[in-house]
Every structure is written in C-alpha cells, then in structure tokens.
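Work through the exercises below with the sequence and the structure at hand. Each task is followed by a solution in steps.

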Amino acid sequence: MKSKIFFKLFTTTVIACAIMFSIPAFAQENTKLSDAEIASIAVTANQIDIDYAAIAKLKSKNADVVKFAETMAADHKAVIDQAVALVTKLNVTPKDNAVSQKLVADAVKTKKALNSKSGNTFNKAYIDNEVAYHKAVINAVENVLIPDAQNAELKSLLQSVLPVLKTHLEHAIMVQNKISK
Amino acid sequence: MSRLFSITKKSVIFLCVLFVINSCTSSPENVEHKVYTVEIKDMKFQPAELEVQKGDTVVWINRDMVAHDVTEQPDKTWASSPLAMGQSWSLVAEKSADYYCSIHVIMKGKLVVK
C-alpha cells in the first residue's frame, strides 16, 4: 500500500517537473524562442489539455470533473482559435521545435497513465495533473513566452491568456480539494 | 350664479391639489431608469459589485476570448446563455442577488438593488 502511494506521488511529481522545467531549461540553454516557435508551443500546449479533457469526458462520472473537463476543452479551443487567427494575420507559420516536441512526448506518457486508471483513481490523477500542468504552463508563459515574444500582438495575446490559465488553476484546485475529501 | 362660480372655483382648487399630489408622488412610469454595464474581462466581473435602483437595466458584456455566462446564485433563478466574445446580455434589476459564471465557477459578482 505504502509503495503504491509512493509510486503515485512519484509519478505525479515527475510529470509536473518534466513540464515545469522543459521550457525554462530550453530557454536558458538556447537563444530566444522565435515568434513562430512560440506560436507552435502555444497551440501544442493548448491541444494537449484538450486531449486530456477528452479522456476525462470519456472516463469520469464525477460531475465536477466532467464539468471542469468541458470548460478546459472549450476554453483551450478558443485560445487556439485566437492564436491561429493571429498567426494567419501575421503570416507566421508555427515552427515545430524542441519544446513543443518535449511537450508532446510528455503528453503521450501522461495520456497512457491516465488511460490506465479508472474511477476515483482516475479522477484524482486527472485533476492532479491539471493542477501541475497549469502551474507549469503559467510559469512558462510568464517567464519565457511573454518575455521572448517579439510581435506586440502575440505578446498581448499571451498576456490575455494568463488570467484564463490562472482561473483554470484555481478551478482545478477547487475540484481537487472537493474530490480528495 | 355666484353659487355656480363657487363650485367651479372649488373644483379648480381640488384639481390643482390633485395635480400637485400626483406630481410629488413618483409613479414607476415617471422614474427614469438607468442602464449600467458590467464588463467581463480578464476572467472577472468588473465591477464585481454593482449598486442599482429597482427597474434599472444591467448589461453584461463579455470582453474575454473564452465564453462566460451570468447565473444567479444559489438557485439559478435567472441565467444568461453562454456569451461568446463580444456578446452581451441584459437584466432589469428587481432584487439584490449574488451571481457567478457557471462555466468558470470561481468567477463571482454581486448586484445590490437599493
């Protein structure tokens, strides 16, 4: 039992750390991200959370979890739509890069882990991951993507996404507290 | 003749008194109601608390890129449909109420009807 709890804690921590440090580490090791790379990271990060939400909508029967997942799917799609409209207007083609590739690789592992769970174990794993993921993405947007963005409209879009992400985090923590009781 | 004049005089005075009373008493039809706007911006209702008079109109307009709604709390006695970016919804204020966004449940507002 103890080893099971330890394994769960370890897995969650590893997922959180992987996301939390991949973008800042890249930024320190490399030159600034270009606007095309930032656009790719933004779309990828939003799509990953839509994918997690799709799994939650399929697997969970908890009303709070399902409602949260529906909000994630709708909001992150709205953000992608805005990002795509902007890069189209600016004639920028999102450029695949090491960060977006790392995000996708980590998401594959997380989706596999989520799909292997069911019931309340799934609910907890999903919402714990949402808390960790949003913390990591907020950190990356604030400390790397916004400072690196060159185009004023792209910078402004990223700044307007921040309150959305912070609200998602508060919402996720609220659901996390509710289901852990 | 003088009696007729007296009755007419009394009637005129009575009508004048009625007019004055009517002018001083505010009937709902005569009150000019105001229109207030609450912006939904940066995932907040701005202002979060709004004081209005009964019968005033409150318009909520969504300035965010994500959809929001405006739902009375706790009984959901009134609610807007989801408002996409740029869309608005209005309500004639009848009584004070707490409200929230049922999509983003941590977003809360308050309407105070004086």
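**Exercise 1. Contacts and fold of chain B**

Find what share of the contacts in chain B with a separation of 6 or more comes from residues 24 or more positions apart.

Solution. Start with the criterion: two residues are in contact if their C-beta atoms, placed from the backbone, lie within 7 Å. Among the contacts in chain B with a separation of 6 or more, residues 24 or more positions apart account for 48%.

Before going on, note the conventions. This is a predicted model, in which local features need pLDDT of at least 70 and side-chain atom pairs count only at pLDDT 80 or more, while totals for chains, interfaces and linings use all residues. Residues are numbered from 1 along each chain as its sequence is written, and chains are lettered from A and ligands numbered from 1 in the order in which they are written.

Next, list the secondary structure. Helices (H or I, at least four residues) and strands (E, at least two) are DSSP runs, numbered from the N terminus. Chain B has 1 helix and 8 strands, in the order α-β-β-β-β-β-β-β-β from the N terminus.

Last, take burial. A residue is buried if 20 or more other C-beta atoms, placed from the backbone, lie within 10 Å of its own, exposed if 12 or fewer, and partly exposed in between. Of the 114 residues in chain B, 21% are buried.

**Exercise 2. Backbone geometry in the loops of chain B**

Which peptide bond is cis with omega about 0°, and which is cis with omega near 15°?

Solution. The bond with omega about 0° joins B:Q46 and B:P47. B:P47 sits in the loop between β2 (44-46) and β3 (49-52) of chain B. The bond with omega near 15° runs from B:Q73 to B:P74, and B:P74 belongs to the loop between β5 (71-73) and β6 (88-92) of chain B.

Now compare B:M43 and B:K76: is each buried or exposed?

Solution. B:M43 is not a glycine, but its phi is positive, near 65°. It lies in the loop between β1 (35-41) and β2 of chain B. Because B:M43 has 22 C-beta neighbours inside 10 Å, it counts as buried. B:K76 also is not a glycine and has a positive phi of about 55°; its place is in the loop between β5 and β6 of chain B. B:K76 has 11 other C-beta atoms within 10 Å, so it is exposed.

**Exercise 3. Helix packing in chain A**

Describe how α4(A) is oriented against α2(A) and against α5(A).

Solution. Axes are lines fitted to C-alpha atoms, for helices over the stretch in contact, and angles run from 0 to 180 degrees between N-to-C directions. Angles under 35 degrees count as roughly parallel, over 145 as roughly antiparallel, 65 to 115 as roughly perpendicular and the rest as oblique.

Step one: the axes of α2 (residues 35-59) and α4 (residues 98-115) of chain A come within 10 Å and cross at roughly 5°. α2(A) is therefore roughly parallel to α4(A). Residues in this contact include A:I48 and A:Y52 of α2(A), and A:L103 and A:A107 of α4(A). For the classes, Ala, Val, Leu, Ile, Met, Phe, Trp, Tyr, Cys and Pro count as nonpolar, Asp, Glu, Lys and Arg as charged, and the others, Gly among them, as polar. The contact of α2(A) with α4(A) has 10 nonpolar, 4 polar and 2 charged residues.

Step two: the axes of α4(A) and α5 (residues 119-148) of chain A come within 9 Å and cross at roughly 155°, so the two helices are roughly antiparallel. A:T110, A:A113 and A:L114 of α4(A) meet A:F122, A:A125, A:Y126 and A:N129 of α5(A). This contact has 5 nonpolar, 2 polar and no charged residues.

Step three: A:Y126, in α5 of chain A, counts as buried because it has 27 C-beta neighbours inside 10 Å. Leaving aside neighbours within four places in sequence, A:Y126 is in contact with A:Y52, A:A56, A:S60, A:V65 and A:L114.

**Exercise 4. The side of chain A that touches chain B**

Which helix gives the most to this side of chain A?

Solution. In total, 13 residues of chain A are in contact with 10 residues of chain B. α3 (63-90) and α6 (152-179) of chain A each supply at least two residues of that side, and α6(A) gives the most, with 7 residues.
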